[in-house]
Amino acid sequence: MAIPRILVIGGGAGGLELATSLGNKLGKSGRAAVTLVDRNPTHIWKPLLHEVATGTLDVDIDQITYRAHASAHHFEFQLGTMTGLDRDQRQVILAPLTDEQGEEVLAERRVGYDYLVLAIGSISNHFNTPGIAEHCIFLDSPAQANRFQRRLLEAYIKLNSPQHPKENLNIAIVGAGATGVELSAELHHAARELNQYGFNEMKRDRLKITVVEAGPRILPALPERIAAAAHQELVKLGVDVRVATKVTAATEDGLQLGDEFLPAELMVWAAGIKAPDFLKDLAGLENNRLNQLLVLPTLQTTRDSQIYVIGDAAGCPLPDNKWVPPRAQSAHQMASHVLKNLMAALNGKPQTDYQYKDHGSLISLSRFGTVGSLMGNLVGGAMMIEGRIARMAYISLYRMHQVALHGWLRTIAISVIGRINKIIRPRLKLH
Ligand SMILES: Cc1cc2nc3c(=O)[nH]c(=O)nc-3n(C[C@H](O)[C@H](O)[C@H](O)COP(=O)(O)OP(=O)(O)OC[C@H]3O[C@@H](n4cnc5c(N)ncnc54)[C@H](O)[C@@H]3O)c2cc1C
């Protein structure tokens, strides 16, 4: 009898953890053929993208090559971009694969499955605001984060030269959620580091960062106390925080805020997410208004029990009429739950329901501090944490992802190498 084929699309915070556990548990013993498809050859944990954008992350340490990881964990990796689904044939359609010059390397392909897990994450939602798609950078992928980093460095090269002695570098960030807030603090950190590497003329007071938020306060998804603490820290750093301010358009030269124009050389849009557009009406599956695929509490889609969805792409209702939030901890929990349900399905056992557990939220203000809340029975609800403890809790989120991928020993080795690299290598990317 043919062994069941489990196909995971998207090797991000949720998908890569799931493919790794499936490979270890089922692929190794030949109980299932596990395949992971991703549009990129390498993985970087998405919550680190703001550090890629500022050049403060050591990508060589934190990047995983899918093909090598797959071979060590008994699953197959295929490079490709999903564009469609044939539910009758149980096949996923992958776009033609092209090289850098646009030459076709592989024609459109179909990959078959018995069980499919969609873990393709989300993209920025600019709500069709004029000019945003053309002029703003999004932090949806490592390629976009790298583009921002190159433009930041080019701006520093230009403004550090005697030809531009007094010009400021204006950076506007739209959206004061976790991404916008963390990016603005990380940019201040990068500016200090750049001063150490020869950009002495480009003094810190020439870097003008503005964060624009339509809502009445920053970090709308977090408790008010944490938002207030983070707001205070940003103001201390000199970030211009504008709440209750709506961006109505973007041009090459800046943002239109109603009647006011905010000049900016670099603009980042980090205000809201949606699932990729091709998920809308995908092979008759049900969506919500953010294009997320609706799932049952078992994380199977409402219309096809062979298809599971995890992470940001899943429209998973909560009992209070809200949705499971698009966070790394949700993707991590869903990956663990779908692992259990897939094992149950293969063993002819019933599916169980997923229950979202909110363990709290943490916001890293780079080396200037970390604030957040921890939730749980131990602390009797939500407890605000700050400083060193918050920093440790923040780092442990990423360590948990690494442990899920590599196990404890390797994770410890990676963190030791990371520390050594901090001593022997430049503290940020300078090319
Ligand atoms: C800058 C930033 C900071 C963040 N900080 C935090 C934080 O501090 N805490 C927190 O909980 N969350 C944070 N988040 C949110 C968190 O990153 C996401 O909720 C989480 O990564 C979602 O996991 P996922 O597995 O659903 O998708 P992702 O991790 O985004 O992975 C999706 C994967 O699918 C691949 N893919 C996409 N489309 C296709 C396709 N068509 N075909 C093939 N492959 C495809 C992508 O290449 C990617 O590898 C942050 C996000 C950003 C951008």
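Domain 1 and domain 3 bury about 1300 Å² between them, and carbon and sulfur atoms give 59% of that area. Keep in mind as you read on that this is a predicted model. The contact draws on 19 residues from domain 1 and 15 residues from domain 3. Taken over C-alpha atoms, the centres of these two domains are separated by 25 Å.

Domain 1 is made of two stretches, 5–122 and 275–346. Domain 2 covers 132–269, and domain 3 covers 360–424.

**Aromatic pairs**

| Pair | Centre to centre | Angle between planes | Arrangement |
|---|---|---|---|
| Trp 45 and Tyr 398 | 5.1 Å | 25 degrees | stacked |
| Tyr 66 and Phe 77 | 4.9 Å | 20 degrees | stacked |

Why is the pair of Trp 45 and Tyr 398 called stacked? Planes under 30 degrees apart count as stacked, and the planes of Trp 45 and Tyr 398 stand at 25 degrees, so this pair qualifies. The pair links distant parts of the chain, 353 residues apart. Trp 45 sits in the loop between β3 (42–43) and α2 (49–54), while Tyr 398 belongs to helix α10, residues 387–406. Are these two residues buried or exposed? Both Trp 45 and Tyr 398 are buried.

The pair of Tyr 66 and Phe 77 bridges a stretch of 11 residues in sequence. Tyr 66 lies in helix α4 (residues 66–72) and Phe 77 in strand β5 (residues 76–79), so the pair ties these parts together. Tyr 66 and Phe 77 are both buried as well.

**An open sheet**

Next, have a look at the strands β6, β7 and β10. In that order, these 3 strands form an open sheet with antiparallel pairing. Its edge strands are β6 (82–86) and β10 (109–112), each of which pairs on one side only. On average, neighbouring strands of the sheet are turned by 30 degrees against each other, direction ignored.

How many bridges join β7 to β10? There are 4 bridges between strand β7 (residues 91–94) and β10, and the two run antiparallel. To find this pairing in the structure, look for Val 92, which stands opposite Val 111 in β10.

Definitions and conventions:
Residues numbered from 1 in each chain as written. Predicted model: local features only at pLDDT ≥ 70, side-chain atom pairs only at ≥ 80, totals over all residues. Heavy atoms only, no water. Pairing = 2+ DSSP bridges. Axes fitted to C-alpha atoms, helices over the stretch in contact; angles between N-to-C directions. Phe/Tyr/Trp six-rings, centres within 6.5 Å; stacked < 30°, edge-to-face > 60°. Buried < 20%, exposed > 50% of the residue type's maximum accessible area, 1.4 Å probe, protein only. Domains from an automatic or database assignment. Contact = heavy atoms within 4.5 Å. Buried area = accessible area lost by both parts, 1.4 Å probe.
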